[in-house]
Amino acid sequence: MPILQLFRYIPLSIVRLLAQTVAWFLKQNPLSGMLWKTQINLSLAYPELSTPQLHQMAKHSVTKQCLAYAESVKSWAMPPQWSIQQIHTIHGLDIFTDALKNPNGLLMITPHLGTWEMMNAWVHQYGTSIIMYKPMKNKIINEFVRHARQRLNATLVPTDATGVKALFKNLKQGGFSIILPDHVPQPSGGVVVPFFGIPCLTSTLASKMAQKTQCRLLGMSCLRREDGQGFDIYCDDLTDQNLYHPDIEIATTALNQAIEQIINRSPTDYMWGYKRFKGIPEIDNVYQKP
């Protein structure tokens, strides 16, 4: 049995305690990878923060990132029904169910915010989606995650032209798909547009899908409740007409602005430990350590 399957037998409270312990060690070294990248990203995204505010926010974010990673592993190890039971409140449920009726399909925009993996089981109660999946380098972890996602009534497609074609076809047939829009793409798959006011390389896939299919766009996020009573799901209707603009830079800029609004609901829940701004044209190696 893969070692990650052991998470099936560890209570969520213990999983969280382990994650908080890891976070504590990471926060002891200001140059540790996750804390360093988080501080750099927050200083760029929120330049108005004072130094004490920045340090406090970064440490809080590191704890939440560790929790989200651990909770995701727990959700992969458990049956889908377990994840559904962790959902406390759905904000905008009527928006979500109405969007599913769109004849041009529904594209869910899910940033790296909170514990989005916990939301997947809930979403797939409503049908089969197309999800682009890039295999992980570690074969054991890859098989573990791939198996967990396939249990969700989802169709996994590769992150290449074949996958894009399947995504497009699904939307044209009125289906729904999920895209995490805030990966740093290859230069051929992105444009440089502002994200939190910082020009950086941004994926154009979601915007091109919206342009070609006129599908409904919905922001989706899953945040841990502060009272510890499970998770809340937020459904944000993305209605800015610039999201469908024929100019890809205008459309992608509008998408980044929508993502910013979703993140600003709870900034410390975003995965700031990711090198989101590594594609800044004006700054060479923004994450270089002293």
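Aspartate 237 and arginine 216 form a salt bridge through their side chains, with an N to O distance of 3.0 Å; the term denotes a side-chain nitrogen of Lys or Arg within 4 Å of a carboxyl oxygen of Asp or Glu. The two residues lie 21 residues apart and join distant parts of the chain, aspartate 237 belonging to strand 9 (residues 231-237) and arginine 216 to strand 8 (residues 216-224). Helices (H or I, at least four residues) and strands (E, at least two) are DSSP runs, numbered from the N terminus. Aspartate 237 is partly exposed because its relative accessibility is 31%, whereas arginine 216 counts as buried at 17%. Buried means under 20% relative accessible area, exposed over 50%, and partly exposed in between (1.4 Å probe, protein chains only).

The model is predicted: local features need pLDDT of at least 70 and side-chain atom pairs count only at pLDDT 80 or more, while totals for chains, interfaces and linings use all residues. Residues are numbered from 1 along each chain as its sequence is written, and side-chain values use heavy atoms, with hydrogens and water left out.

Another salt bridge pairs arginine 225 with aspartate 232, whose closest N and O atoms are 3.0 Å apart. Aspartate 232 has a relative accessible area of 7% and is therefore buried.

## A buried pair and a network

By the rule given above, the count of salt bridges is 12. One of them joins the side chains of glutamate 71 and arginine 16 at 2.9 Å, N to O. This pair also links distant parts of the chain, with glutamate 71 in helix 3 and arginine 16 in helix 1 (residues 12-26), 55 residues apart. Glutamate 71 and arginine 16 are both buried.

A network of salt bridges links Arg16, Lys64, Glu71, Arg224, Glu226 and Asp269.

## Cavities

A cavity is a set of points, on a 1 Å grid over the protein atoms alone, where a 1.4 Å probe fits but cannot get out; lining residues have an atom within 4 Å of a point.

The lining of the largest cavity includes Trp76, Met78, Glu117 and Arg151. Helix 3 (51-77), helix 4 (80-85) and helix 6 (116-123) are the elements that each give two or more residues to this lining. Its residues comprise seven nonpolar, two polar and two charged, where Ala, Val, Leu, Ile, Met, Phe, Trp, Tyr, Cys and Pro count as nonpolar, Asp, Glu, Lys and Arg as charged, and the others, Gly among them, as polar.

Definitions and conventions:
1 Å grid on protein atoms, 1.4 Å probe; cavity = no way out; pocket = protein on both sides within 12 Å on 5 of 7 lines; lining within 4 Å.
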